[in-house]
Amino acid sequence: MTTQGVPLRAAVLGSGSWGTTFAAVMADAGCDVTVWGRDAATVDEIARDGRNTRYLPGIDLPAGVTATHDVRAAVADVDVVAVAVPSQRARDVLAPLADALSPRAAVVSLMKGVELGTDQRMSEVVAQSLGIAPARVAVLSGPNLAREIALRQPTATVVASTDDATARLVARACASSYFRPYTNPDVVGVELCGAVKNVIALAVGISQGRGMGFNTMATVITRGLVEITRLGLALGADAETFPGLAGMGDLMATCASPDSRNHTLGVHLGRGMTLDAAVVATGGTAEGVKSCRSVLELATSLGVEMPITSAVVRVLHEGLPVDDLAGLLLARPHRAEGV
Ligand SMILES: NC(=O)c1ccc[n+]([C@@H]2O[C@H](COP(=O)([O-])OP(=O)(O)OC[C@H]3O[C@@H](n4cnc5c(N)ncnc54)[C@H](O)[C@@H]3O)[C@@H](O)[C@H]2O)c1
Ligand SMILES: O=P(O)(O)OC[C@H](O)CO
């Protein structure tokens with residue numbers, strides 16, 4: 001995508017599976033893209049060979065993607081900066097870049113988590129740590145499993161920003177024949193959907209690891225969406241966001257796919273692994289492991305009930321046996337359906 005014939009320039013912070021894939025997405029959309037990562041060997045491989053064999057084996061990156069070790073140079077003269085490091089690391093990565101960031105850049109969070117300690121959403125962390133106005137920040141979230149997108153399988157996503165021009169700029173920077181962005185002003189709703197669906201996917205994975213089938217999965221997904229909606233509405237989100245791509249769309253993809261790290265980690269737990277062993281066996285970033293705690297803290301501070309999230313916290317961090325999870329949820333007082 002070009003502005004007056006000049007390609008947009010973009011930087012991606014994070015050379016893992018999603019950062020590298022999104023760099024390819026933006027290059028396919030016509031941008032000149034530079035990836036920065038903390039892993040020197042991965043950066044060298046992207047720059048030299050156009051590959052990232054650790055995170056995207058078998059994928060050739062488009063010619064428009066290069067990589068650098070110099071993170072300050074990467075963000076200095078660009079139109080868009082996309083951030084794809086683990087949520088709990090975002091503040092440490094971004095804060096030192098406040099004085100290096102291009103004054104014209106929009107910053108888009110690709111991350112799906114809530115910061116431990118502050119309970120902030122990633123757009124809040126991005127704006128605060130870079131010292132920029134929320135209007136320059138966007139979030140991108142939807143049914144976006146990296147490997148499928150790296151293979152250029154069609155999907156759609158949501159780009160949310162309080163500023164429509166920012167959302168449209170980011171959408172232009174990533175739109176292609178296989179990747180369709182929709183804009184949405186509901187930053188809170190889109191972002192919560194992305195973070196909490198990981199927690200729900202852990203619960204679904206646990207149930208499948210215990211040998212439970214599709215009725216259980218559908219129940220957890222559907223009631224999971226209810227508790228995401230409840231939290232979102234308490235924070236002022238738009239009810240229309242939750243049945244959309246960032247809500248139901250991403251829940252379906254993450255809870256159904258064996259490629260999802262959160263789902264996979266849940267399956268390992270359901271089969272009896274310890275959390276530490278499951279984290280190692282899964283590999284990659286399963287954001288729900290940490291964000292389940294910050295999401296629950298946020299909900300508790302608002303008086304919002306999130307029974308599935310609460311049960312996941314108890315299993316992962318408070319020693320509740322996986323066999324007791326279903327009983328805990330089903331023993332709750334009966335109530336009318338709905339949010
Ligand atoms: N993989 C996907 O399909 C996908 C899709 C949508 C959103 N996301 C989100 O994108 C974010 C990144 O996930 P990912 O899938 O790329 O994870 P990943 O595990 O594949 O890669 C994480 C990357 O972050 C780097 N990293 C770790 N700690 C760091 C630090 N302190 N400083 C700098 N870099 C650090 C790692 O070296 C690695 O390159 C997460 O919030 C995730 O929820 C992932
Ligand atoms: O692998 P996961 O569980 O982090 O999920 C990846 C994406 O968020 C799916 O949209």
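## Ile200 and its contacts

Leaving aside residues up to four places away in sequence, Ile200 touches Val220, Ile221, Gly224, Leu251, Cys255 and Ile308. This is a predicted model.

## The nonpolar core

Ile200 is among the residues with the most contacts inside the largest nonpolar core. Helix α8 (residues 187-209) gives the largest share, 14 residues. At least three residues come from domain 1 (2-185), and at least three from domain 2 (188-330).

## Ligand 2

Which residues come nearest to ligand 2? They are Asn144, Thr254, Ser260, Arg261 and Asn262, out of 14 residues around ligand 2. By class, the shell has six polar, four charged and four nonpolar residues.

Three helices each supply at least two residues of this shell: α8, α10 (245-256) and α11 (261-270). Why does ligand 2 lie between domain 1 and domain 2? Both domains give residues to the shell around ligand 2, so the ligand lies between them.

## Strands β3 and β4

Strand β3 (residues 9-13) pairs with β4 in the parallel sense. The pairing runs over five bridges. Arg9 stands opposite Asp32 in β4.

Is β4 enclosed or open, and what shows it? Strand β4 (residues 32-36) has four of its five residues buried, so the strand is largely enclosed by the rest of the structure.

Definitions and conventions:
Residues are numbered from 1 along each chain as its sequence is written. Chains are lettered from A and ligands numbered from 1 in the order in which they are written. This is a predicted model: local features need pLDDT of at least 70, side-chain atom pairs count only at pLDDT 80 or more; totals for chains, interfaces and linings use all residues. A nonpolar core is a set of buried Ala, Val, Leu, Ile, Met, Phe, Trp, Tyr and Cys residues joined through C-beta atoms within 7 Å. A residue is buried if 20 or more other C-beta atoms lie within 10 Å of its own, exposed if 12 or fewer, and partly exposed in between; C-beta atoms are placed from the backbone. Domain bounds come from an automatic or database domain assignment. Two residues are in contact if their C-beta atoms, placed from the backbone, lie within 7 Å. A residue is near a molecule or strand if its C-beta atom, placed from the backbone, lies within 6 Å of it. Ala, Val, Leu, Ile, Met, Phe, Trp, Tyr, Cys and Pro count as nonpolar, Asp, Glu, Lys and Arg as charged, and the others, Gly among them, as polar. Two strands pair if DSSP finds at least two bridges between them.
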